[in-house]
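Student: Could we go through this structure together, one question at a time?
Tutor: Gladly, have a look at it first.

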Amino acid sequence: MAEKVRIKLTVNGVVHGSEVEPRLLLVHYLREHLGLTGTHVGCDTSQCGACTVHVDGQAVKSCTMFAVQADGASVTTIEGLGSPGHLHPVQEGFWEMHGLQCGFCTPGMIMAAADLLNKNPNPSEAEIRHALEGNLCRCTGYHNIIRAVQYAAGKMAQRSAADD
Ligand code: FES
Ligand code: FES
């Protein structure tokens, strides 16, 4: 068995120190070591986006990264994006616009969409489709997913206007 490596990273604001095998993927670390099973594994080969999380503020497919590569990083998973009483606008958008069917792709879609809106608060429909093209929905509910992201963009614009 490979020698374990000590890593320390922040996940959803909590610092975790762990001993992991060098080959352990970040997605498996999150799910199996930390119990954060909202991050899904749809393919393990970087195709589906179900495993998308934020690493230091950037959307990353967590099956494409080893846990040791996240040493020192700050990771946000779907569990850390909002809370039941205080949903992130993208979560609210998926709820309001029925942006999910079985829900399997939803955490990854939401994390990818949140990353898009952080970088581009007012994306066109084409820009939303482009940003989410690495995320597959097997239920093919793409139209409502786009509407959910548009809803979230509108909500975020309203909030920032209210803050001004
Ligand atoms: S599980 Fe990571 S892209 Fe599919
Ligand atoms: S809602 Fe079922 S895979 Fe997207």
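Tutor: A definition to start: helices (H or I, at least four residues) and strands (E, at least two) are DSSP runs, numbered from the N terminus. This is a predicted model, in which local features need pLDDT of at least 70, side-chain atom pairs count only at pLDDT 80 or more, and totals for chains, interfaces and linings use all residues. Residues are numbered from 1 along each chain as its sequence is written, chains are lettered from A and ligands numbered from 1 in the order in which they are written, and side-chain values use heavy atoms, with hydrogens and water left out.

Student: Where is the place of Val11?
Tutor: Happy to start there. The place of Val11 is in strand E1.

Student: Is Val11 buried or exposed?
Tutor: Buried means under 20% relative accessible area, exposed over 50%, and partly exposed in between (1.4 Å probe, protein chains only). Val11 has a relative accessible area of 2%, so Val11 is buried.

Student: What is the bridge partner of Val11 in E5?
Tutor: Strands pair if DSSP finds at least two bridges between them. E1 (residues 5-11) and E5 (residues 74-76) run parallel and are joined by two bridges. Contact means heavy atoms within 4.5 Å, and leaving aside neighbours within four places in sequence, Val11 touches residues including His16, Leu30, Leu34 and Val75. In E5, the bridge partner of Val11 is Val75.

Student: Which strands stand at the edges of the sheet?
Tutor: The open sheet has five strands in the order E2-E1-E5-E3-E4, with mixed pairing. An edge strand here has a single partner strand, so one side is left without a neighbour in the sheet. Those at the edges are E2 (14-20) and E4 (58-61).

Student: What covers the buried residues of H1?
Tutor: In H1, the buried residues are Leu26, Val27, His28, Tyr29 and Leu30. After the helix comes Gly35, whose phi is positive, near 70 degrees. The cover over the buried residues of H1 includes E1, E2, E3 and E5.

Student: Does His40 count as buried or exposed?
Tutor: His40 sits in the loop between H1 and E3. Leaving aside neighbours within four places in sequence, His40 is in contact with several residues, among them Val27, Arg31, Phe104 and Pro107. At 17% relative accessibility, His40 counts as buried.

Student: How many of the eight residues of H3 are buried?
Tutor: The buried ones are Pro89, Val90, Gln91, Glu92, Gly93 and Phe94. They pack against H2 (78-81), H4 and H6 (142-163). H3 is mostly covered, and the number buried is six.

Student: At what angle do H3 and H4 pack?
Tutor: Axes are lines fitted to C-alpha atoms, for helices over the stretch in contact, and angles run from 0 to 180 degrees between N-to-C directions. The axes of H3 (residues 89-96) and H4 (residues 106-119) are 9 Å apart, and the helices pack at an angle of about 125 degrees.

Student: What does that make H3 relative to H4?
Tutor: Angles under 35 degrees count as roughly parallel, over 145 as roughly antiparallel, 65 to 115 as roughly perpendicular and the rest as oblique. That makes H3, relative to H4, oblique.

Student: Which residues in H4 do Val90, Gln91 and Phe94 meet?
Tutor: These three belong to H3. Their partners in H4 are Thr106, Met109, Ile110, Ala113, Ala114 and Leu117.
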